[in-house]
Amino acid sequence: MKVLLSWLREFAPFDGDPEHLGELLSDLGLAVEEMQTVGEGLDGVVVARILDIRAIDGADKIRLVDVDPGDGEARQIVCGAANIAVGDTVPLATIGAVLPGGFEIARRKMRGQESAGMLCSARELGFGADHAGILQLDGALQPGTPLREALGIEPDVLYDLEVNPNRPDAMSVAGVARDLAARMGLPFTLPSPRVTRTGEPADAVATIELADPDLCGRFQARVLRNVTVGQSPQWLANRLTQLGMRPINALVDISNYVMLELGQPNHPYDLALVPGGGFRVRRGRDGEALTTLDDVERRVSVDDLLICGADDTPIGIAGVMGGASCEISASTTDVLLEMAWFRPMAISRTSRRLGLRTEASARFDKGCDPEVIDLAADRFCQLAAEICGATTAPGAVDVRGELPDRSPVRVRTARVNAVLGTDLDAPTVAGHLESIGFTTTPVGADHDVVVPSWRYDSSAEIDIIEEVARLHGYSRIAPEPLPSSRTGRLTERQLERRALRRAMVGMGLAEAMPLPFLAPGELTRCGLPDVGISLANPLVADESVLRTSLLPGLVQAVAHNATRRQLGVGLFEIGHVFRPPPADQLLPDERECLAAIRAGLDAEGAVAAWQVVADTLAVADATVVNAEVSGLHPTRSGLIVVAGEAVGELGEIDPEVLARHDIGERVAWLQVDLTRLLALPHGDRPYRLVSRFPSSDIDLAFDVADPVPVTAVEATVRTAAADLLDSLQLFDVFRGAPVGEGRRSLAFSLRLQAPDRTLTDDEVQGVRQAVIAAVEQAHDAKLR
């Protein structure tokens, strides 16, 4: 729902900052989705008249348009709109003009033709959302007149509000103004139209029959004569355009204006074309057809409500769209005006079934005010008299059906406070409700509340409590967490499993989920002992062995990618393995494992993956011991030992295994027995004071034998550097001359830092010498 600040001010004296008013609207539950200033950015836009329209060779969507901009010199414009003709008066943005949104008009060429400006739609001028064609102006306007002057446009503020289904009253400017005035404590005034009535009474001209009063709660008809249908005055056209509606003719524009202002959809019919000169409101018949105002033939059903002429001929779909047979035209002189209240669910159902959403149906399916019909009809007649010269027949034909119940609702003050978490007294509650038209009668500490006709949706106590909350102000209600019994939560094991998944993904690995079933012989192909448990009734004969390791499945995944030239693949899996049971156990020895496979990396890639796992779980007392591991390279593999217990393996996959799977690159492998690891001490993350003193970095490279694990060297460095070591990182591994055969160079970066002082050069040198001596002695190493 869009509203203009200037229009709101016709109902109450809203002063102050427009942004503050927008904040109040949002706090009232009418969230401001967008606030923009309209009527600015129109410098350089002038009135122009179309002189000629010519085709462009080879172009079927754009044409050359010659226009008179008022300076006596025709301009050539390239335009793609189809709704223009010679003689039309249109807005022209000249070279150098900057339209709303910052779009600057420059001289451009299209299809080899130069365009000296742009003809503008309403949306391009910031007048609304209509972008279907060029904005048509009054032909009486003089070319060359600045558009702002020609249209009488003044800067204004446009609010685009989110209106929830339970706020039918907010589908009008008056409804929004009522709420805002109540919140600000300002007087609110509805228009008081004065209508002069003359001629034959309306009930002598028109009749109304409600065949289905359960769907139509009220239907009123007014008769207007001596109507002159022309163009709307500019102020009216401007307002409709700015709220996203396209001006059509004065009478139709008045109809739309009243709907926007008061929230009451209405429909004017050409009286001379209404069959029988009256209305009959009934359900449709299956297969019955009607051509609507958009020139589409639509078929209705018994679930739809029709407006028919007195002779039962359909002339409109109730609450959705009128029929083309009685459309207002330039020749119309007498009008039969319809104002009605329809049951919301009936209109909503018809609108959805037909796929026809209109401004009228949007209001009817939320629920209109059945008592605003008299005011809306008077407002229509007043504007029709002022703009179209119409005269109004005395009286009206008004028939009522079934309307919503408005019995008093008991509202308990204690309940209001219990729901809202407030401490409001009974007079305050009554004051909030009365400010928006609710009637309250004290009953002890409570109230009997009669809802106004425009808020019949507030049919229960909780609905009225919501109104109190809105008027009191959501921002004034302190938020409190809802109490909950918290019947379930993630276990520590589930949290750790999720943390490991996040860590693996953070390393750039993708999660794989191979099946736990293997083909006979697949364990042997992967260099593993052939001790897998065979299934008695496998789903597939070629997958009849339970895996004892995650290695076969992930190797197959890497091989599958390699055959498709996808190299350097990194995968991980958290899954179960099944090993032969111990002698005293019937079921397989089932364990949950984490595995990571990194194609294109050597054993150091596996060590790096283990370090991520250890850091994620805060594993203490972990080392890597060189050892031969089935399926891995005999000299580039090892066991992971935590607290003296082997919990995993890492290294490079055996080249023979890779060759059997046609994998041509080195592959790093890590597998951790989570069942064992998570049963050991882990997760202890003691706080370490962050030093504010500078750090010092030193790099050391050691020549060590291949069998010496990196983790062993790191442990020695950490012990020697003691508390002054802030971080330690292995940044290079090198083999080859001048490093001897069977040895490698390990280069470490040490960062030293004290929590209470800046380290001196002597202290840094002392730590360096201590580390060198410790590594050389413990691992038969040499400093390079």
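1. A residue is called buried here when its relative accessible area is under 20% and exposed when it is over 50%, with partly exposed in between, using a 1.4 Å probe and protein chains only. The structure is a predicted model, in which local features need pLDDT of at least 70 and side-chain atom pairs count only at pLDDT 80 or more, while totals for chains, interfaces and linings use all residues. Residues are numbered from 1 along each chain as its sequence is written, and side-chain values use heavy atoms, with hydrogens and water left out.

2. Helices (H or I, at least four residues) and strands (E, at least two) are DSSP runs numbered from the N terminus. In helix α7, residues 344-354, the buried residues are Pro344, Ala346, Ile347, Ser348, Thr350, Ser351 and Leu354. Their cover includes β18 (297-299), β19 (305-309), β20 (314-317), β22 (335-342) and α8 (359-364), and just after α7 there is a positive phi of about 65° at Gly355.

3. In soluble globular proteins, nonpolar side chains tend to be buried together.

4. Contact means heavy atoms within 4.5 Å. Setting aside residues up to four places away in sequence, Leu224 touches, among others, Val335, Leu337, Phe380, Cys381 and Ala384.

5. Ile105 sits in the loop between β8 (103-104) and β9 (108-110), and because its relative accessible area is 2%, it counts as buried. Not counting residues up to four places away in sequence, the residues that Ile105 touches include Ala93, Ile95, Leu99 and Met118. The C-alpha atom of Ile105 is separated by 17 Å from that of Val65, 40 residues apart along the chain.

6. His633 belongs to strand β34 (residues 632-642) and counts as buried because its relative accessibility is 14%. The side chain of His633 reaches the backbone nitrogen of Thr635 at 3.1 Å. Beyond neighbours within four places in sequence, His633 is in contact with Glu652, Ile653, Asp654 and Pro655.

7. Leu689, in the loop between α18 (674-677) and β37 (696-705), is exposed, since its relative accessible area is 53%.

Terms used:
A polar contact is a pair of N or O atoms within 3.5 Å; within protein, one must be able to donate a hydrogen and the other to accept it, and residues adjacent in sequence count only if both atoms are side-chain atoms.
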